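Let us walk through this structure together, from the whole chain down to single residues. Please keep the view open as you read.

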Amino acid sequence: MTKKHRRKLIKQGQDSYTVTLPREWIRKHGLEEESVHIETVGNSLKINPRPTTQKTSCQLEVQGFNERSLRNALYQHYRKGYDRITLSTDNDEQHRIIKDLCERTMLGFDTTSETDHEITVEAIAEPSNDQFSTILRRLFLLIKQEANRIQDSLKQHDIDMVEAQSVKDKVDTYTNYCRRTLRARFAQDDHAKIMLYKIVSRLSLIHHAYYYLYSEAQNHEVISDRTHRLLGEATKLYDDFYTCLYEKDLELAHDIGVRKDTLIYDELHDALSENHAGNGPLLYHVGEIIRLVHMQSTNVFSLPYAASELQSLFTN
């Protein structure tokens, strides 16, 4: 439960101020004769009873979980900010999956201990917070590059799912790291970080739509010109979203919404009803990309600055 307190600032000397802390919080953490740790996060101060570098741990019971459930359990606790995750297991195959996921998609984590029925993964060498902006931009450009590669590959009827899986692992790695960093550094009332978390989450979904479209294309001998064109328009929307987010271009964000309506309600619905070349499943994924990009663009209206300026959220 969140409790709010109002405290008066008391001036101390020429250069500092004192603020009192709630007595129940002090007693709860046994701090009567201890120091606290203060961290600047954007416009907020975070006061912690212990150094923020202290590792946090959790224990998960995952006996009987398949690959998807293991991935969900690992990713959610990694994103929540835990530094050490111990999983109670019931077979060697689970250990193989956990180690593989950790190595491929959990930046800075590695397996540190393993017994017959338990495995622990933990943070070993994570990037510093000041690398967040660089990694976020790299994520955007990676998806843009992969979208263009997929378009060219489909036109040439040369599908390479090995490369697609390699890129998917990188995207999952970056989106996991960004969400972990945002969760760990949230100021509770920081609207901008909440919007950024949503944006990163949808970037993952946008890339997954490209990935599953590409995988589905293996089942189609013919991809119509109309499907190729609509996929190209979807990718142009994504490119424009990247521009409007990093430049806070509200006119461009507005234009994305207008073009989305035309693409979805006029062209895509018509193509689906006519089922060009049996491309319905491919068009479904194209529509998902368009819808998600438009949802992304609406967040630009509520961000107080361009994404190119967001590093101020993370520097102390």
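The accessible surface of the chain comes to about 17000 Å², with areas taken from the Shrake-Rupley method using a 1.4 Å probe, and for residues only the protein chains shown count as cover. Carbon and sulfur atoms hold 47% of that surface. You are looking at a predicted model, where local features need pLDDT of at least 70 and side-chain atom pairs count only at pLDDT 80 or more, while totals for chains, interfaces and linings use all residues. Residues are numbered from 1 along each chain as its sequence is written, and side-chain values use heavy atoms, with hydrogens and water left out.

Now for the overall layout. The chain has 9 helices and 8 strands; helices (H or I, at least four residues) and strands (E, at least two) are DSSP runs numbered from the N terminus. Along the principal axes, the C-alpha atoms fill a box of roughly 75 × 55 × 30 Å. Of the 316 residues, 47% are buried, meaning under 20% relative accessible area, whereas exposed means over 50% and partly exposed lies in between (1.4 Å probe, protein chains only). Among contacts (heavy atoms within 4.5 Å) with a separation of 6 or more, 71% join residues 24 or more positions apart.

Gly81 follows helix 2 with a positive phi, near 105 degrees. Helix 7 (residues 225-247) has 23 residues and should span 33 Å, which agrees with the 33 Å between its end C-alpha atoms. Just after helix 7 comes Lys248, with a positive phi of about 45 degrees.

Val286 counts as buried because its relative accessibility is 0%.

Ser88 belongs to strand 6 (residues 84-88) and is buried, since its relative accessible area is 8%. Leaving aside neighbours within four places in sequence, Ser88 is in contact with Gln59, Leu60, Glu61, Val62, Gln63, His117 and Glu118. Ile38, in strand 3 (residues 37-41), counts as exposed because its relative accessibility is 58%. Together with Leu21, Leu45 and Ile47, Ile38 makes a nonpolar surface patch of about 360 Å². Patches are made of residues with over 30% relative accessible area and no salt bridge, joining like charges within 9 Å and nonpolar side chains (Val, Leu, Ile, Met, Phe, Trp, Tyr) within 5 Å; a salt bridge is a side-chain nitrogen of Lys or Arg within 4 Å of a carboxyl oxygen of Asp or Glu.

Finally, the cysteines. A disulfide is taken as a pair of cysteine sulfur atoms within 2.5 Å, and the count comes to 0 disulfides by this rule. Cys102 is in no disulfide, with the nearest cysteine sulfur, that of Cys58, 13 Å away. At 1% relative accessibility, Cys102 is buried.

Methods:
Expected span 1.5 Å × (residues − 1).
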